[in-house]
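Student: Can you walk me through how some of the helices pack here, and tell me which conventions apply before we start?
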Amino acid sequence: VMLKTSFSNKDKKRFLRLAPTYWLLAMICLILSIIYYMQGTTNVLLFDFKNFPTNASLATYAYLIVSNIIIWGQDLALFLSISPDTGDMMWTASTYAEQHPMIRYMLMPVSWSVSLEFTFYIIAPYILRNKTKWVHVLFIISLLSNVVTHYFNLNDANWRFRFFPSTLVFFLTGYYAYRLYSLLEKHQYNKKYGCLAVLSVIVFSLVFLNLNFPYIFRASFLLAETLLFIPYVFYSTKANRVDRYIGELSYPLYLIHPIFIGINELAGFGNNCFVIVSSLLGSILCYQLFIVRLERYRSVL
């Protein structure tokens, strides 16, 4: 019972770390989407009011309302569309080729990745605690999932990076990287080698990923890089306040950038520098004025 309660508290803290920030920025996205709709336009990173089917079924509305609130399940929208004839949801292998792709009706379409995180958080306690053999099994299954989707020519970004059985391999590689990091801590690894690890990550990424290798080789490289280099980088920089602060900004920055892309388009700026600078400043304000206070509340749970 105590163990179950412990997991429950951890899950609650994780949810409170992610959800309130999402809700705040999703409401801003909703307001921006309405402004687009009033002007008779739309934006691919916002809710598409303009093209929403008027015959959407009750089940379609229920899925959209619930998933937009709880976040979990939004990744499924990448494989769903709304039938123009019946208004019902239907599975599709190529959602963007459909007339009404479900992902266009999310308040914040980029939140599919947060939904994937939630799914992993749900299964993690059952596979990562003293059950290494299941990690190995699921790792192999996830690799096979990538092979199967590739065999059937399902090679777009949705199937490679947003289909949970295939993306699970990245989460589990993070687990293996953590095990290596634990060994570094145990044996008091010399931090000066962390600089070499950082340099290696930058050089290999810039060189290798820009070469015209098949996807399977580039994906394998990313997995190997995560496993072999990231533990050394983290071990050497974990006490660095600047590095930690940048890490704290990553989540609000990821969620907030569609807002400024939309503003940039609405205002007719056509300036990518505006998007970059505004997104960065917006994420800093979001962190300082909202997330910091939220963390104080989470700390007493």
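Tutor: Helices (H or I, at least four residues) are DSSP runs numbered from the N terminus, and axes are lines fitted to C-alpha atoms over the stretch in contact, with angles running from 0 to 180 degrees between N-to-C directions. This is a predicted model, in which local features need pLDDT of at least 70 and side-chain atom pairs count only at pLDDT 80 or more, while totals for chains, interfaces and linings use all residues. Residues are numbered from 1 along each chain as its sequence is written, and side-chain values use heavy atoms, with hydrogens and water left out.

Student: OK, how do α3 and α6 cross?
Tutor: The axes of α3 (residues 112–127) and α6 (residues 164–186) come within 11 Å and cross at roughly 65°. The crossing is right-handed, a term for the near helix being turned clockwise from the far one by less than a right angle.

Student: Which residues make that contact?
Tutor: With contact meaning heavy atoms within 4.5 Å, α3 contributes L116, E117, T119, F120, I123 and I127, and α6 contributes F164, T167, L168, F171 and L172.

Student: And what about α4 against α6?
Tutor: Helix α4 (residues 132–151) packs on α6 at an angle of about 140°, with the axes 8 Å apart, and this crossing is left-handed. Among the residues that meet are F139 and L143 of α4, and L168 and Y176 of α6.

Student: Switching topic, how many salt bridges are there?
Tutor: A search of the whole structure finds three, counting a side-chain nitrogen of Lys or Arg within 4 Å of a carboxyl oxygen of Asp or Glu. One of them joins R17 and E248, whose closest N and O atoms are 3.0 Å apart.

Student: What does that pair tie together?
Tutor: R17 lies in helix α1 and E248 in helix α10 (residues 241–266), so the pair links parts that are 231 residues apart in sequence.

Student: Which helix gives the largest share of the nonpolar patch?
Tutor: That is α2, with five residues, and I70 lies in this helix.

Definitions and conventions: Helices (H or I, at least four residues) and strands (E, at least two) are DSSP runs, numbered from the N terminus.
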